[in-house]
Amino acid sequence: MDARGVEVERGGPAELQARVLGAGLCTACGACLGHCPYLKTLGERVAFIHPCPLPEGRCFEVCPRAALDPDRLDAQVAGAGPADPLLGPHRALHFARALDPEVKQRGQYGGVTTALTLFALGSGAAEAALLTAGSPTAAPHPVVARDRATVLAAAGTKYSACATLAPLAPLLRQGGGPIAVVGRPCQVAALRKVEARGEAESRLAVVIGVFCFWALTPAFYRFLASRADVARAAKMDIPKEGGVVVSVNGGAVRIPLDEVRPFIRPACQHCFDPTAEWADLSVGSTEYDPDWNTLVVRTARGQALLDAAVAAGALELKPYPAERIPILRAALRGKKTRVLAALEAGSAETAYLQLSPERRAGLRSEAGAGA
Ligand SMILES: Cc1cc2nc3c(=O)[nH]c(=O)nc-3n(C[C@H](O)[C@H](O)[C@H](O)COP(=O)(O)OP(=O)(O)OC[C@H]3O[C@@H](n4cnc5c(N)ncnc54)[C@H](O)[C@@H]3O)c2cc1C
Ligand code: SF4
Ligand code: SF4
């Protein structure tokens, strides 16, 4: 126990296997890969190919599902005490969109993530960017982008759990310049755990998190392939009305949520962080206007990159509409209080969460306020 009454977790490969991989709770973030010759990935499945005898290991230390301590991450990233229990550390909230027409056209919504990545590379803030590439209807793969064409090719959301961080450990070992990383919230948490170990030193130029409420298993791609009407989809979206919308031949096909639900990755049901609370900048949909993004500025580093990108004409901002803030908070409250209730009921799937008594109280009071 530490001074806050939070259990400090230590473990190694045996614990990772028992509590995460074997329990079906791996998020396929990819952070443990490249640390250990015995851990491999086959698509989105991460597994030990040989037992490892070490009692403690980096694989366990960097895994966001072995242990996650939000207060510790708040202090590490934002340098402050526990942050807003729903939205995490933040300095500003905007609507934003890219100004480059090609980025706008290729981006999932406003193309803010792609615009920021291109700006980081073009301005010299980053030398490489770790991204997720592929078509929306087939399993995606990690990519290390160093040029505009590769960044543009990675634009657009792939709604499954690519192990994007798999190339990180080799990239850090090789040395070289600063790296920008775009990842789902579980990947951002893993990155911060890597950083806390001192492995990234000053190599993380900027961490951009995309909002994520759930990811689908690769079986969803087989389901799509079995349907002639959506097999060649150019884009996929999860609109606020529910289900999945697939754009194909200029039209749109809606797949109802009931058909999609069986493909939700089990680990995502127990996820506590839909907005990448420990990123420098987090980007989501607006659930309101598909040409814009929600943009959360979380750190001084994120603010500096954003200011420079806006000054260079890469992005434009407008105020986040005050009346939309309760809608955003209600969605976050719903997910977090469900996970807190499971944790307090003793569910093994949420035991990875190390929530201090203050954070639990903050969430309970949010739940009361939103009821
Ligand atoms: C699995 C998943 C579920 C999501 N669910 C929601 C949601 O419920 N609500 C919401 O507001 N937003 C959600 N998002 C985020 C949203 O889809 C957009 O990614 C985000 O708003 C950024 O939009 P953009 O226009 O800036 O994207 P773009 O400029 O097109 O950039 C997209 C970036 O996302 C990265 N990326 C694509 N797929 C993945 C992946 N599988 N894993 C990691 N990185 C990836 C790419 O490398 C690229 O850098 C989800 C994203 C993912 C990956
Ligand atoms: S670090 Fe990521 S990929 Fe590895 S076991 Fe944990 S969740 Fe899975
Ligand atoms: S819902 Fe959570 S665990 Fe699942 S992919 Fe998204 S961030 Fe990772």
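A charge sits over a ring if NZ of Lys or CZ of Arg is within 6 Å of the ring centre and within 35 degrees of the ring normal. With that in mind, welcome to the close-ups. This is a predicted model, in which local features need pLDDT of at least 70, side-chain atom pairs count only at pLDDT 80 or more, and totals for chains, interfaces and linings use all residues. Side-chain values use heavy atoms, leaving out hydrogens and water, and residues are numbered from 1 along each chain as its sequence is written.

**View 1. Lysines over aromatic rings.** The charged end of Lys318 sits over the ring of Trp292, 4.2 Å from its centre. Lys336 likewise places its charged end over the ring of Phe272, at 4.1 Å from the centre.

**View 2. Phe95 and its partners.** Searching the whole structure gives five aromatic pairs (Phe, Tyr or six-membered Trp rings with centres within 6.5 Å; planes under 30 degrees apart are stacked, over 60 edge-to-face, the rest tilted). One of them joins Phe95 and Tyr288, tilted, with 6.0 Å between centres and 45 degrees between planes. Phe95 belongs to strand E3 (residues 92-98), while Tyr288 is in the loop between strands E11 (281-285) and E12 (293-297), 193 residues apart; strands are DSSP runs of at least two residues (E) and helices of at least four (H or I), numbered from the N terminus. Phe95, Tyr288 and Tyr320 form one aromatic cluster.

**View 3. Phe223 with Phe263.** This tilted pair has its centres 5.3 Å apart and its planes at 40 degrees.

Definitions and conventions
Chains are lettered from A and ligands numbered from 1 in the order in which they are written.
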